[in-house]
Amino acid sequence: MMLTEADLKQQIKDYLALKGIFNFPLLQGLGAYKGIPDRVLHLDNRVVYLEVKKPKGKLSKYQLAFQGQCKRDGVDYFVVYSFEE
């Protein structure tokens, strides 16, 4: 059975909590900025954005734009497709 994206997000959330890494979800809702990532982490004195995708998932045009903005601003942004990543 293949893991769903929701399952993968839960595994990552649980692992980060187990490691004591402060993190929280960014939930998309009415009026939210399009393309925001799934989680925000505070790691080694920096903020890290984490986007979780299922193995063959692709970033939307809004997510690509957000990723590009992070790169221009020097902000860490990672896309993970598996728990191991």
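Colleague: Leaving aside neighbours within four places in sequence, which residues is N23 in contact with?

Modeller: L16, A17, R39, V40 and L41. Contact here means heavy atoms within 4.5 Å. The model is predicted: local features need pLDDT of at least 70, side-chain atom pairs count only at pLDDT 80 or more, and totals for chains, interfaces and linings use all residues.

Colleague: Where does N23 lie, and why is N23 called buried?

Modeller: N23 lies in strand β1. Strands are DSSP runs of E (at least two residues) and helices are runs of H or I (at least four), numbered from the N terminus. The relative accessible area of N23 is 15%. Buried means under 20%, exposed over 50%, partly exposed in between (1.4 Å probe, protein chains only). Therefore N23 counts as buried.

Colleague: What makes the link between the side chains of N23 and R39 a polar contact?

Modeller: The distance is 2.6 Å. The limit is 3.5 Å for a pair of N or O atoms; within protein, one must be able to donate a hydrogen and the other to accept it, and residues adjacent in sequence count only if both atoms are side-chain atoms. The N23 side chain also reaches the backbone oxygen of I21, at 2.8 Å.

Colleague: How do you know that R39 has no salt bridge?

Modeller: The nearest side chain of opposite charge is D38, 7.9 Å away. A salt bridge puts a side-chain nitrogen of Lys or Arg within 4 Å of a carboxyl oxygen of Asp or Glu. Lys and Arg count as positive, Asp and Glu as negative; His and the chain ends are not counted. R39 sits in strand β2 and is buried. Not counting residues up to four places away in sequence, R39 touches K13, L16, N23, F24, P25, V48, Y49 and L50.

Colleague: How do you know that the span of helix α1 agrees with its number of residues?

Modeller: Helix α1 has 14 residues, 5-18. The expected span is 1.5 Å times one less than the number of residues. That gives 20 Å, and the end C-alpha atoms are 20 Å apart, so the two agree.

Colleague: Which residues of α1 are buried, and how do you know that they line one face?

Modeller: L8, I12 and L16 are buried. Seen down the axis of α1, the buried residues fall within an arc of 70 degrees, so they line one face. The arc is taken from the directions from the helix axis to the C-beta atoms. An α-helix has 3.6 residues a turn, so residues three or four places apart point the same way.

Colleague: What covers the buried residues of α1, and which residues are exposed on the other side?

Modeller: The cover includes β1 (23-25), β2 (39-43), β3 (46-52) and β4 (76-80). On the other side, A6, A17 and L18 are exposed. Just after α1, G20 has a positive phi of about 75 degrees.

Colleague: Why are D44 and N45 called exposed?

Modeller: D44 has 63% relative accessibility, so D44 counts as exposed. N45 has a relative accessible area of 87%, so N45 is exposed as well. D44 is in the loop between β2 and β3, and N45 lies in that loop too. D44 has a positive phi near 55 degrees in a residue other than glycine. For N45, phi is near 65 degrees.

Colleague: What makes K71 exposed?

Modeller: Its relative accessibility is 72%, so K71 counts as exposed. K71 is found in helix α2, residues 61-73. The C-alpha atoms of K71 and D7 are separated by 28 Å.

Technical notes:
Residues numbered from 1 in each chain as written. Heavy atoms only, no water.
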